[in-house]
Amino acid sequence: MRAIRVSEEWQRAGVYFVRTLAMCRGFGAPLTGEFSEDTPESEYILVLEGEDPVSTCRIRLVDVRTGKIERVVTLEEYRGQGYGAAAIEAAEAWLAEKGAERILVNSRIASVGFYEKLGYTPDYEKQSGSGLFACVMTEKQL
C-alpha cells in the first residue's frame, strides 16, 4: 500500500476511476454531481495496492490555517483494511505542510465512526444532505 500526491495524468485517472466505481456505481451518485467541483488545479491523494488504485481524497485550503479533505472514498472490496486511513493521513500531512492547523471533513453520518477513530470530532449542529448522503462536519486540530 502506498499513498501518493497526485502529480501525473495517470494518477488523476486513478482518482477518477475510484470515485466513479465507488460513488457513481456503488452509491448511485450522478457523474455530473460527483465531479462538479473538480478543477484542473484540484489536488488529490491516491492510494495504490500494487499498481491498482483503491482509495482517494481531494484536499484544499479553506483559509491559511484551515484545510479540508473532500471526496474521500475507498473501493468497496478494500474498505476496512486501512486504505482510507492511509489517504486521510497523507492528506493531513500535505495540508500541514501548506500551513493548516485544523482539518475539516464533511462526513456521511454513516461514516462518522471512521473519522472519530482518526481523531475527528463531529459537530451535529452542522449537518447537510439527506438519505444516503446525510452528512455532518467533522474537525481535527493538528
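Two rings of Phe, Tyr or Trp (its six-membered ring) count as a pair if their centres lie within 6.5 Å. Keep in mind that you're looking at a predicted model.

With that cut-off in hand, select Tyr 16, Phe 35 and Tyr 44: ring pairs link these residues into a cluster. How many aromatic pairs does the structure hold? The count is six.

Next, pick Phe 114 and Tyr 115, one of the aromatic pairs. Their ring centres sit 4.8 Å apart, and the planes make an angle of 80 degrees. That makes the pair edge-to-face, because the angle is over 60 degrees. Colour by accessibility while you're here: Phe 114 is partly exposed, at 31% relative accessibility, whereas Tyr 115 is buried at 6%.

Stacked or edge-to-face? The planes of Tyr 115 and Tyr 120 stand at 85 degrees, so this pair is edge-to-face, with 6.0 Å between the ring centres. Tyr 120 is buried, as is Tyr 115.

Is Arg 71 buried or partly exposed? Its relative accessible area is 27%, so Arg 71 counts as partly exposed: the cut-off for buried is under 20%, and exposed starts over 50%.

Technical notes:
Residues are numbered from 1 along each chain as its sequence is written. This is a predicted model: local features need pLDDT of at least 70, side-chain atom pairs count only at pLDDT 80 or more; totals for chains, interfaces and linings use all residues. Side-chain values use heavy atoms; hydrogens and water are left out. Buried means under 20% relative accessible area, exposed over 50%, partly exposed in between (1.4 Å probe, protein chains only). Rings of Phe, Tyr and Trp (its six-membered ring) pair if their centres lie within 6.5 Å; planes under 30 degrees apart count as stacked, over 60 as edge-to-face and the rest as tilted.
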